[in-house]
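Here is a short briefing on one structure.

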Amino acid sequence: YIDAPKKRGKGETKKPQTVLDIRKAMKRFNAWLDKPVAAIKGAMVRDHHRAMMQTSKAQANLAHRYLRAALNHIIADIDEDEEPILQYNPVDRLGKLHQWADVDRRDTVIPRAKIGLWVDAVMTGLTGLKHDAELRDILTFLLFTGARRSEIIGDPKIPDKEPLRWSHVDLARQE
């Protein structure tokens, strides 16, 4: 499933961050690694999802959405003359039972009335910290651009996420 093209990508491969997310989510099913795929039943999925929701509803949903996608890939990737490995996707049981958790989006916006306090804290509160000037620059850049942290400083776990460099910036085209 990881190597399969994106669903809406017209043959494009999945982004490195997506691959990392899938691998991380699939670790939640390590106890099932010794089982044949056909041995994964709806009741197992239901109970596993319910147990995971005790820790994090969002992570429970995410892990099971990736499991559903991987199993759908197995169901779809079969020749007409072959016996199907799976007759149905056991993760579909979560929908039939209305068990998918309602998860609110994270609200990580600085309220407009507090932006001044935040800027003041960034400009004065980092003094003395290791790399204080760089931290100040990164945080103000985040505020003004809405960029993600990994888009600025990179992410060593993702090959394509290198730190932002001046060579990446085209001032003439404003990109």
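The count of salt bridges comes to four. A salt bridge here is a side-chain nitrogen of Lys or Arg within 4 Å of a carboxyl oxygen of Asp or Glu. The model is predicted: local features need pLDDT of at least 70, side-chain atom pairs count only at pLDDT 80 or more, and totals for chains, interfaces and linings use all residues. Residues are numbered from 1 along each chain as its sequence is written, and side-chain values use heavy atoms, with hydrogens and water left out.

**Salt bridges**

- Lysine 6 pairs with glutamate 12 through their side chains, at 3.1 Å from N to O.
- Lysine 6 counts as partly exposed because its relative accessibility is 28%; buried means under 20% relative accessible area, exposed over 50%, and partly exposed in between (1.4 Å probe, protein chains only).
- Glutamate 12 has a relative accessible area of 44%, so this residue is partly exposed as well.
- Arginine 46 and aspartate 47 form another salt bridge, with an N to O distance of 2.9 Å.
- Aspartate 47 is partly exposed, because its relative accessible area is 39%.
- Arginine 148 bridges to glutamate 151, and their closest N and O atoms are 3.8 Å apart.
- Arginine 148 is exposed, at 58% relative accessibility, whereas glutamate 151 is partly exposed, at 32%.

**Positive surface patch**

- Lys24, Arg28, Arg149 and Lys157 gather in a patch of positive charge on the surface.
- Patches are made of residues with over 30% relative accessible area and no salt bridge; like charges are joined within 9 Å, and nonpolar side chains (Val, Leu, Ile, Met, Phe, Trp, Tyr) within 5 Å.
- Lys and Arg count as positive and Asp and Glu as negative, while His and the chain ends are not counted.
- The place of a charge is NZ of Lys, CZ of Arg, CG of Asp or CD of Glu.
- Accessible areas come from the Shrake-Rupley method with a 1.4 Å probe, and for residues only the protein chains shown count as cover.
- Lysine 24 lies in helix H1, residues 16-26; helices (H or I, at least four residues) and strands (E, at least two) are DSSP runs, numbered from the N terminus.
- With 54% relative accessibility, lysine 24 is exposed.

**Helix H7 and the segment after it**

- Serine 150 sits in helix H7.
- Is serine 150 buried or exposed? Serine 150 counts as buried, because its relative accessibility is 17%.
- Setting aside residues up to four places away in sequence, serine 150 touches Asp155 and Lys161; contact means heavy atoms within 4.5 Å.
- Leucine 164 belongs to the segment after helix H7 (149-153).
- Leucine 164 is partly exposed, at 37% relative accessibility.
- Phe141, Glu151 and Ile152 are in contact with leucine 164, again not counting residues up to four places away in sequence.
- From leucine 164 to glutamate 175 there are eleven residues in sequence and 12 Å in space, C-alpha to C-alpha.

**Positive phi angles**

- Most residues other than glycine have a negative phi.
- Histidine 98 is not a glycine, yet has a positive phi of about 55°.
- Histidine 98 is placed in the loop between helix H4 (92-96) and helix H5 (115-125), and is exposed at 71% relative accessibility.
- Histidine 131 also has a positive phi, near 65°.
- The loop between H5 and helix H6 (132-145) holds histidine 131, which is partly exposed with a relative accessible area of 47%.
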